[in-house]
Every structure is written in structure tokens, then in C-alpha cells.
Amino acid sequence: MNSFSYWEQQGFGQADWVVIGAGFVGLQSARKIKEAYPKQRVMVLDSHAIGNAASLRNAGFACFGSAGEMLDEIGRTSLAEALQLYENRYLGIQILRERYGSTAIGYEPCGGMEVFLPEKPDEFTAIESRLDFLNKELKTIHNSDAYHVSNPIETGMRVLKTAISSPLEGSILTHQLYSCIRQDALSIGVELYEGMQVLTFNESSEWIEICLSNLMPIRTRQIVLCTNGFTPKLLPAIDLNPARGQVFVTNALSKQPLNGIYHADKGYLYFRSLGDRILIGGGRNQDFLEETTTEMAVTDTIRTYIKAYMERVVLPGQTIRFQYEWSGIMGMHENRNPIIRQESERVFLAVRMGGMGVALSAWVANQLLTIIQGAAVTDKRSGY
Ligand SMILES: Cc1cc2nc3c(=O)[nH]c(=O)nc-3n(C[C@H](O)[C@H](O)[C@H](O)COP(=O)(O)OP(=O)(O)OC[C@H]3O[C@@H](n4cnc5c(N)ncnc54)[C@H](O)[C@@H]3O)c2cc1C
């Protein structure tokens with residue numbers, strides 16, 4: 001016999017939908033489901049208060065893929081898949097801006113710039129030779145050139161004199177976006193319960209019984225997993241690995257020369273202006289094995305690498321101190337396209353957001369609802 005009260009079990013023990021994960025994807029998915037089925041009870045459960053994974057731990061880039069990343073993506077997957085991913089990220093940002101307003105989410109249309117080390121001019125040349133091709137392929141998405149060659153010299157960085165700008169990219173303030181998404185979900189009637197870690201779930205013909213670490217029994221008609229990098233803990237066979245990202249923010253600087261978002265090393269390094277500070281993150285490719293983890297930690301290897309890049313390249317000759325440092329967990333795969341599907345009769349998935357899930361999240365939530373509604377047409381028993 002569990003020790004939960006009659007009231008607790010009456011009040012919270014049963015739902016039509018349980019969304020696991022209160023990140024950008026889970027909250028927006030819950031909101032879409034509640035909007036489509038207003039009479040149904042939609043709960044979001046998360047292990048942590050205000051989330052602890054990626055949605056409040058990212059870099060706040062509103063980006064779709066630098067030219068270097070796109071070519072890398074095409075090489076790893078295919079042209080069609082890379083274009084699809086770019087388009088979905090682009091559409092995702094437009095939905096966020098329209099739904100919440102650019103000001104509310106701290107959106108700045110600052111543009112992006114991909115920079116290269118002076119000692120590696122071939123990296124620039126290889127990408128530049130494919131810019132026309134990329135621009136032609138991407139033009140159908142937003143009717144303008146995605147990339148052009150630019151001059152980064154006025155930033156004072158020790159980089160090659162030619163860079164590649166992506167004028168359509170921007171930045172957001174992550175905490176403001178999270179707050180908008182959370183408030184929006186709550187205001188439409190989604191219920192959010194934190195401190196609820198799902199250990200497993202058992203599906204029967206009528207219900208799914210959810211087993212929580214606090215032993216509170218909950219049963220639901222359907223669940224949606226929006227657990228991103230943590231999904232293998234619930235579905236070990238899923239095609240996705242956790243990938244830790246580490247982020248650092250400098251002290252306030254007396255002179256902050258950057259304006260916008262910057263990509264380097266095929267997107268494995270990224271940095272941006274943040275008021276009078278610089279935020280910089282990435283470096284996962286310095287130790288892929290160690291960074292394939294769900295453990296939240298900042299490591300000496302990555303901190304040393306990032307600090308050296310800051311002092312050699314971004315602010316050459318200056319001694320940098322970081323006032324903030326943290327890590328977050330992404331859901332990663334060779335193929336960065338998300339997994340959005342019906343897994344079984346009562347289980348749906350919206351996971352594997354890669355490194356640009358801020359951009360993807362709104363589009364993913366829309367897509368998930370389309371899949372759910374498609375399933376509702378074919379399966380009347382589920383009580384949609
Ligand atoms: C360091 C870093 C920098 C990034 N920078 C950018 C960027 O600049 N731009 C961009 O577009 N994207 C960026 N991303 C990626 C983006 O943040 C993520 O793709 C996005 O936030 C994923 O959202 P999500 O809702 O799918 O997952 P998450 O935000 O990871 O949310 C998943 C939630 O599920 C919960 N959960 C997991 N397992 C369980 C369980 N068993 N029971 C209950 N709850 C559970 C977790 O606590 C978590 O709150 C970055 C990510 C990281 C880590």
C-alpha cells in the first residue's frame with residue numbers, strides 16, 4: 001500500500017495525457033494537445049523544478065545551421081535531410097516570434113557569422129566554394145541568400161580576414177522564451193508538476209501506469225516522451241545519445257567588441273554577445289567519449305580549451321575570467337533530424353533535438369499534434 005493520501009490520488013492520479021519533460025518541446029507539445037482537446041486533462045511531469053536539461057541551459061542562438069554545419073550535415077546524412085532540418089529550424093523560430101512576440105522572447109535580429117582560424121584558410125576556401133550551391137538550395141525556404149562572405153576584422157578577433165555571415169540568424173534570451181512558453185502552457189490549462197521523475201511505464205490495453213521515483217501512482221490514456229537526451233533511460237533502444245554541452249559567460253567586460261552570434265569549427269564552438277559579457281560554449285569534439293553522458297558537470301578539459309580559445313582568438317591577449325559556467329544535456333545522433341512518432345498505441349515521442357532545439361521546438365510540437373490527430377482518426381479506442 002502506498003502512502004499517498006486519498007486527496008492526492010483523487011486529485012492527481014489520473015490524466016488523459018501525460019507529457020514527460022517540461023523543456024521547450026514538452027511544454028509546447030502539451031499546449032498543442034490541450035488546445036486540440038480542451039476537455040482532456042493534460043499533465044506535464046518533470047524530474048526537476050524549472051527543468052534541468054537543455055531548455056534553460058543553452059546559448060540562446062536563434063540559428064538554423066552555419067554554412068560549415070550545413071556541409072557537415074549533408075556529408076553525414078543527405079542533401080534532402082539537411083535542407084529539411086534547416087527549414088524546420090527556420091520555421092520553428094518564425095513560429096516562436098509570431099506566437100510570443102520578438103520583444104517578449106528577447107529576440108535580436110543580429111545575424112550570425114562563421115569565423116575561421118588564420119592558420120586554417122583551407123577550411124574557409126572549402127566552404128566558400130560551395131556557398132552558391134547552398135544559397136541556391138536554401139533560397140526556396142526564405143527567398144534570400146542564407147550566406148555571404150564578410151569581413152570580421154572590426155571585431156578585433158584573431159581570425160581569418162574573411163568570414164561567412166548568415167544575416168537571417170538572431171539571438172534570444174533563453175529565460176524569457178522559457179517563461180513565455182511555460183506561462184502559455186499553464187494559461188491554457190496544462191498542469192505542470194515538477195519533482196516527478198518517471199522511472200518506467202507499463203502499457204495495457206486501457207491505460208498506461210506510470211511509475212515515479214516518489215511512488216505516486218499515476219495512470220493515463222496516453223503519454224508523450226519529450227525527454228530528449230534522457231530518453232535512453234526510458235527507451236534503451238532509441239537511436240539517440242546524450243551529449244553534454246558546456247557553456248561559459250565572462251565577467252562584465254570594459255569593452256565588449258562583439259555584436260551577434262558566432263560559429264566556429266563546424267558549429268562545435270559558438271559564442272555571442274550578451275550585454276557587456278561574452279557567452280561561449282561547445283568544444284564537445286575535444287572529447288566526444290567523455291561528453292557522451294547525462295552527467296551535469298563542467299570539466300577541466302573543456303574549460304581549459306574554451307578559455308584558451310577566448311584568450312587566443314576572441315579577445316586576443318586578454319586574460320579571461322568566467323563568472324558563470326554550466327552544462328546541459330542534448331539528444332544527439334549522426335542525423336540531427338528529430339524523432340517525432342507514435343511508438344505504440346498509447347506512446348508518442350518527440351525527442352532528439354540535436355544542438356538547435358530552441359529553433360526546432362515549436363515546429364516539433366506542431367508536427368507531433370499532426371501525428372496524434374492522424375492516430376486519433378485510425379484509433380477510436382484511445383479516447384482522444
Ligand atoms: C549547452 C547547450 C547549448 C545549446 N544551445 C542552443 C542554441 O543556442 N540554440 C538552439 O536552438 N539550441 C541549443 N541547444 C539545444 C536546445 O537547448 C535543446 O535542443 C532543447 O532545449 C531541447 O528541448 P527539449 O524540451 O527537447 O529537452 P530538454 O530541455 O532537455 O527537456 C527535457 C526534460 O525532460 C525531463 N526529464 C528527462 N527524463 C525524465 C524522466 N524520466 N522523468 C521526468 N522528467 C524527465 C528533464 O528534466 C528535462 O527538463 C543547446 C543545448 C545545450 C545543452
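Ala, Val, Leu, Ile, Met, Phe, Trp, Tyr, Cys and Pro count here as nonpolar, Asp, Glu, Lys and Arg as charged, and the others, Gly among them, as polar. This is a predicted model: local features need pLDDT of at least 70, side-chain atom pairs count only at pLDDT 80 or more, and totals for chains, interfaces and linings use all residues. Residues are numbered from 1 along each chain as its sequence is written, and side-chain values use heavy atoms, with hydrogens and water left out.

**Stop 1: the ligand shell.** The shell divides into 21 nonpolar, 18 polar and 2 charged residues. Among the 41 residues there, Asp-46, Ala-53, Ser-55, Phe-61 and Val-198 come nearest.

**Stop 2: polar contacts.** Look for pairs of N or O atoms within 3.5 Å. A side-chain N or O atom of Ser-47 sits 3.0 Å from a ligand nitrogen. Ligand oxygen atoms lie 3.2 Å from a polar backbone atom of Phe-24 and 3.3 Å from a backbone N or O atom of Ala-54. Alone, the ligand exposes 1,000 Å², and the protein buries 97% of that (Shrake-Rupley method, 1.4 Å probe).

**Stop 3: strand β16.** Select residues 322-332, a strand (DSSP run of E, at least two residues) that holds Gly-328. Gly-328 is buried, at 7% relative accessible area (buried means under 20%, 1.4 Å probe, protein chains only). Leaving aside neighbours within four places in sequence, Gly-328 is in contact with residues including Ala-53, Arg-57 and Met-296 (heavy atoms within 4.5 Å). Finally, pick Ala-252: its C-alpha atom is 23 Å from that of Gly-328.

Notes. Helix = DSSP H or I, 4+ residues; strand = E, 2+ residues; numbered from the N terminus. Buried < 20%, exposed > 50% of the residue type's maximum accessible area, 1.4 Å probe, protein only. Near = heavy atom within 4 Å. Polar contact = N/O pair within 3.5 Å; in protein donor to acceptor, adjacent residues only side chain to side chain.
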